[in-house]
Amino acid sequence: MSGQQPPAVPSAIASLLCCCIAFGSLQVYKDELAGSRLMRVAGGAISAFLFFFLIIFVSNVLDSFSRDKVGTGWLVVIPCLLVAEAAAVSVDPACVYSCFGASLLLLWYLSKVSAHIHKA
């Protein structure tokens, strides 16, 4: 897949579906995720995946509706991170820390993949 981009609309729909699954699982298993220290870390990780899929969704929507091919900047990253942190704090306030750390790792990974795809 050297230099080719996947279509934005199917990717946006798939990432929105994954966002709904991540948020739904956080809310359904809220009591179990807040039960122990290890499960709070898992709740933060699920919230970080919510951030990951949310930023993919927003980037694809902006990419398909904008005429200028402007990259996704901090003005998109920060609101997506705030939504993921709000979902994490709805489970347990301690989930925020693991969500933030895992979100930074996922953001780094997304940056590396994006640089590889757009280098051509």
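**Helix H3 and its two neighbours**

Let's start where H1 meets H3: Ala-8, Val-9, Ser-11, Ala-12, Ser-15, Leu-16, Cys-18, Cys-19, Ala-22, Phe-23, Ser-25 and Leu-26 in H1 touch Gly-43, Ile-46, Ser-47, Leu-50, Phe-53, Leu-54, Ile-56, Phe-57, Asn-60, Val-61 and Ser-64 in H3, where contact means heavy atoms within 4.5 Å. By class, this contact has 16 nonpolar, seven polar and no charged residues (Ala, Val, Leu, Ile, Met, Phe, Trp, Tyr, Cys and Pro count as nonpolar, Asp, Glu, Lys and Arg as charged, and the others, Gly among them, as polar).

A word on what you're looking at: this is a predicted model, with local features needing pLDDT of at least 70 and side-chain atom pairs counted only at pLDDT 80 or more, while totals for chains, interfaces and linings use all residues. Residues are numbered from 1 along each chain as its sequence is written, and side-chain values use heavy atoms, leaving out hydrogens and water.

Now the geometry. H1 (residues 8–28) and H3 (residues 37–65) pack at about 155°, their axes 8 Å apart; helices here are DSSP runs (H or I, at least four residues), numbered from the N terminus. Axes are lines fitted to C-alpha atoms over the stretch in contact, and angles run from 0 to 180 degrees between N-to-C directions. That makes H1 roughly antiparallel to H3 (over 145 degrees). Their crossing is left-handed, as it is if the near helix is turned anticlockwise from the far one by less than a right angle, with clockwise giving right-handed.

Within H3, Asn-60 is worth a look. Asn-60 is buried at a relative accessible area of 14% (buried means under 20%, with a 1.4 Å probe and protein chains only). Leaving aside residues up to four places away in sequence, Asn-60 touches Ala-8, Ser-11 and Ala-12.

H3 also meets H5 (residues 95–117), and here the axes come within 7 Å and cross at roughly 40°. H3 and H5 are therefore oblique to each other, and H3 passes H5 in a right-handed crossing. Among the residues meeting here are Arg-40, Phe-49 and Phe-52 in H3, and Cys-95, Cys-99 and Tyr-109 in H5. This contact divides into 15 nonpolar, five polar and one charged.

What about the cysteines? The whole structure holds zero disulfides (cysteine sulfur atoms paired within 2.5 Å). For Cys-19, the nearest cysteine sulfur is that of Cys-20, 6.7 Å away; for Cys-99, that of Cys-95 is nearest, at 8.4 Å. Cys-19 counts as buried at 5% relative accessibility, and Cys-99 does at 0%.

Methods. Buried means under 20% relative accessible area, exposed over 50%, partly exposed in between (1.4 Å probe, protein chains only). Angles under 35 degrees count as roughly parallel, over 145 as roughly antiparallel, 65 to 115 as roughly perpendicular and the rest as oblique.
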